[in-house]
Structure formats: C-alpha cells, structure tokens
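Please consider the following predicted model. The briefing below is grouped by topic.

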Amino acid sequence: MFKLITYFKSRPKKFGVRCYQNHLPTGRATRSASRSDGRRGRFGFVGCDIGDHNMWRPRPRQLHINRFPSSKADSKATLERGDWVVDERPTLRWGIAPVSLMADDFAAALSVLPEQHHRIVSCVAAYQSHALAFAERHQVENVYTSFEDLAKCPNVDVVYISPLNPQHSELCHLMLNHDKHVLCEKPLCMTEEQVTKLLEKARARGLFLMEGMWPRCVPAYHYLRHQILRNRLGEIQKVHCTLGLPVSQGRLGLYGGVTNDFGVYGMQLALWVFREVPRCLKVSGRVNSEHVDVSADIELCFTRGKRALIEVSSEKKLSNQAVIQGKDGSIKMNNYWCPTRLITEEVDYEFPLPGGDQMPPTHYHNRLGMCYEAEEVRNCILKGSMESDDFSHNESLLLANLMDTIHAELGVGEFASRSEVSDLQRQIENVQDIVDDPEELASETCRVVEDVSMGGSLEISQQGEKDQVKGH
C-alpha cells in the first residue's frame with residue numbers, strides 16, 4: 001500500500017500525448033482498432049469510456065470529430081478492405097481565381113480528398129504562363145487570363161477566391177452574377193456595407209457563399225467546442241490571443257492592415273468560444289503615415305465579465321498562441337489559426353494533418369487543413385444550403401461590423417479623415433509612426449497584383465434584386 005501511494009505522488013503531472021487520427025476518406029486510411037463488441041465510448045472516443053484508465057495512457061486514440069463524409073443520412077461512405085469507398089454524390093467542380101500561393105495550397109488540400117469529391121477544372125491568372133504552370137501542377141483543364149471568362153465557364157460549380165483583400169468584394173460579385181457558388185478567403189469584404197450587399201446578392205440568387213474562415217472547420221476547433229459544451233473548463237472567463245509577424249509596410253498596405261490580416265483570427269476564435277455578440281469593444285494601436293494599422297490591442301467585452309484580449313503586430317514576432325481560460329481549467333493553442341494540438345494541464349491532444357509526411361510542404365503553415373473547409377463547402381452545396389453553420393453569414397456581418405469599429409477608432413483608411421486628434425501627445429506619437437519602406441512584394445506576386453484589375457469597376461447585375469445597406 002505504501003509503494004502504491006508513493007507511486008501516485010511521484011508520477012509526473014502530465015500523463016502524455018493523445019494522438020487522434022482524423023477519420024478521412026483519403027483512400028489511404030487503415031482500418032481502426034475497436035472494441036470486440038463494436039461499442040464506442042462516450043464523447044466520441046473509440047474503444048472505451050472516458051472513465052477507463054486506459055484512456056490516460058499515451059497511446060493513439062481516434063476521435064470522430066468533423067469526420068468525412070458527414071454522418072448525416074445523405075452520406076454513403078463505408079469501409080471495404082481498409083479503404084474508403086467514396087459517396088455517390090456529384091463531384092464538386094472548382095474554379096481558382098486567381099492563381100496564387102494560397103490557391104496552390106488550396107489545391108494541395110483538395111488532393112488529400114477523394115477525386116470523386118473535388119476537382120479543379122478552371123483557373124485564371126494575369127499571365128498565361130502562370131496559369132499554365134498551375135494547370136500543369138494540378139491537372140486543370142481550362143486556363144484563362146480573364147476573370148470574366150472563368151465566371152462564364154459552364155463547367156465550374158464553385159469558385160475559390162484568393163486575391164489581395166481589397167479585391168475580394170469585386171470578384172465575389174462577378175462570380176455571383178454568373179451563378180457561381182463562392183468560397184472567398186477572409187476578409188469577405190473591406191467594410192460592413194460591402195458585406196451586406198454581397199450577402200443579399202447571394203441570398204437573392206440562391207447561391208452558397210462562405211468567408212474562408214477555415215480554422216472553424218478543423219477537428220481541433222470542434223474538439224474545443226466539445227470540451228466547452230461539456231463544461232470541462234468550467235465557465236469560460238477569458239480568451240487571450242497573440243499574433244505577430246514582421247511584415248513590410250508595402251505588403252501590409254496591400255493586405256488592408258494588420259487587423260484585417262491578423263486580427264480577424266483572434267476575433268473569430270472569441271466568437272467561437274463565447275457564442276455571443278460582444279457588449280463593447282476597446283482598441284488601441286499604431287497607424288503609419290499611409291493610414292494603415294501596423295499593430296493593435298483589441299479587447300472584446302461579453303456578458304458576466306467575460307472578455308477576449310487580442311494582440312496583433314506586423315512589426316515583431318509575438319508568442320502566436322491562444323489561451324482559453326475557464327474557472328476549472330484552460331486550453332492553449334499554438335498557431336491558433338491552423339492548430340493541430342490542444343494543450344491542457346494534464347494531456348496534449350494532437351490532430352495530425354491528413355496526408356501525413358508523404359505530402360509536400362505547403363507555402364503557408366498547416367494549409368492542408370483547408371481540406372476540412374472544402375468538404376464543408378461540398379456538403380453545404382449538395383444539401384442546397386446557402387451558408388455554413390461553421391461560419392455563418394451573420395458572423396461574417398458581425399466580424400465586418402467589428403472591423404469597421406476598430407478602423408474608425410484607429411483612424412484607418414477612409415476613417416482617417418474623420419478623426420481629428422487634438423491631444424498633443426497623440427500627435428507626437430503619430431509623427432513617430434511615419435515609416436518609409438520601399439520594399440515590394442516578390443516579383444511573381446507583384447505582377448499578378450498589377451494586372452488583376454478588370455479595367456474598371458464591375459457592373460453589378462440588378463436583375464430582380466435590389467441591394468440595400470442594413471445597419472448592424
């Protein structure tokens with residue numbers, strides 16, 4: 001008895017790492033081990049109940065979260081000889097607008113899914129050579145140098161849009177006008193007014209539209225919600241996020257500022273955790289001579305004293321992690337915009353990316369995780385949904401409203417002329433913020449940026465619809 005007590009006192013606090021092999025129909029999955037009676041434990045664990053002492057051993061476990069295909073009745077996936085038999089629903093045909101590093105990663109993410117689920121059939125780039133190189137890498141049939149030509153392509157079901165942030169709204173309108181479903185990288189638009197018009201157009205035309213907040217679709221985020229809903233952390237009190245990476249001032253201006261590029265990740269995580277509209281917003285930050293925000297400290301206040309603290313910077317590297325703090329525990333997420341691990345005081349939960357080591361590296365960190373987003377888009381379109389529950393239209397509108405509020409407070413962009421700074425100390429700080437940085441984007445990206453314009457603003461179709469701006 002004495003030896004047993006001594007053992008429990010001396011053993012380390014952290015019991016080990018749990019590794020969850022995500023249930024993906026990649027055609028390369030192996031048959032998972034399960035209990036002899038075929039019964040699954042509670043909370044989605046395979047093989048035992050949460051109270052089973054074997055769960056705390058550092059051994060692989062399978063967690064069925066966001067599994068592919070959906071577990072709903074219209075899904076017909078089965079296991080045969082250890083390989084996935086894909087469902088019988090139609091293949092989703094993608095158009096890529098435009099070719100970019102991000103689009104290259106998206107194509108790589110599609111490659112880990114069954115070919116019968118997704119196929120890229122068209123792409124567009126400012127230079128034909130860029131489009132042809134992309135088409136050769138990913139076996140794309142149709143190549144264009146005009147966005148309008150891709151929008152008119154009859155073989156395209158849905159378009160993945162990933163140009164620079166200020167061009168998102170224009171391209172989304174073009175694709176919706178030609179009855180194409182749209183998955184657009186974040187932010188959906190640069191202002192709440194633009195988002196409102198875009199959402200109304202998608203609804204009026206009965207088309208699917210989703211802002212590409214792909215972290216919402218990954219298993220780590222769903223397991224986080226799983227823990228919160230089951231009160232594993234107690235009442236959530238605080239979310240603290242940091243994201244900072246050095247970015248040249250010229251590049252940052254093209255992205256629309258640090259809150260547009262970095263801040264949205266922390267805000268969407270706070271909304272995912274608290275599931276309510278903030279009661280107030282406080283922000284401070286630095287703006288350069290071009291009225292572009294280069295750093296910001298954002299505080300979102302919720303009911304019952306809950307709050308989210310979000311720190312973003314384009315001037316220095318930060319810890320780049322999120323901590324969700326509850327009364328009874330906490331969860332830490334490194335690289336919370338593309339997490340593959342959740343860290344608690346007792347156990348680290350791992351969610352390996354599909355494809356494993358056999359997949360080539362992506363341009364941006366963990367971008368193979370976009371396969372979850374692509375499958376969510378397919379499931380929604382085939383069901384006839386116009387939005388995703390993972391990131392709804394209302395959340396896109398709320399996020400745009402919060403961004404407008406932040407920009408107005410900081411005096412960013414079009415809000416700069418509306419705010420007169422009377423405080424002398426603030427004027428001194430603004431003078432110190434002037435930065436002259438002639439650095440440009442890498443030549444390939446810059447060439448695409450210079451030629452993506454359509455030669456004027458797009459004419460928005462008015463057939464049977466009237467765009468009205470609603471205040472949020």
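Buried here means under 20% relative accessible area, exposed over 50%, and partly exposed in between (1.4 Å probe, protein chains only). Helices (H or I, at least four residues) and strands (E, at least two) are DSSP runs, numbered from the N terminus.

The model is predicted, so local features need pLDDT of at least 70 and side-chain atom pairs count only at pLDDT 80 or more, whereas totals for chains, interfaces and linings use all residues. Residues are numbered from 1 along each chain as its sequence is written, and side-chain values use heavy atoms, with hydrogens and water left out.

- E14 pairs with strand E10 (residues 236-244) in the antiparallel sense over 5 bridges; two strands pair if DSSP finds at least two bridges between them.
- Within that pairing, Gln-325 in E14 is the bridge partner of Lys-238.
- E14 is also joined to strand E15 (residues 330-334) by 5 bridges, and these two strands run antiparallel.
- Gln-325 has Ser-330 as its bridge partner in E15.
- E14 and E15 form a hairpin, with 3 residues between them.

**The β-α-β unit**

- Strand E8 (residues 181-185) and strand E9 (residues 209-212) run parallel and are joined by 4 bridges, with Leu-183 opposite Met-210 in E9.
- E8, helix H6 (residues 192-205) and E9 make a right-handed β-α-β unit; a crossover is right-handed if, with the strands pointing away from the viewer, the path from the first strand over the helix to the second runs clockwise.
- The 14 residues of H6 should span 20 Å at 1.5 Å a residue, and the end C-alpha atoms are 20 Å apart, which agrees; the expected span is 1.5 Å times one less than the number of residues.
- Among the buried residues of H6 are Val-195, Leu-198, Leu-199 and Ala-202, and also Glu-192 and Lys-201.
- The cover over the buried residues of H6 includes helix H5 (168-177), E9 and helix H11 (393-410), where contact means heavy atoms within 4.5 Å.
- Gly-206 follows H6 and has a positive phi, near 65 degrees.

**Helix H9**

- In helix H9 (residues 258-274), 17 of 17 residues are buried.
- H9 has a kink of about 40 degrees centred on Val-264, the bend at a residue being the angle between axes fitted to the seven residues ending there and the seven starting there.
- Just after H9, Arg-275 takes a positive phi of about 55 degrees.
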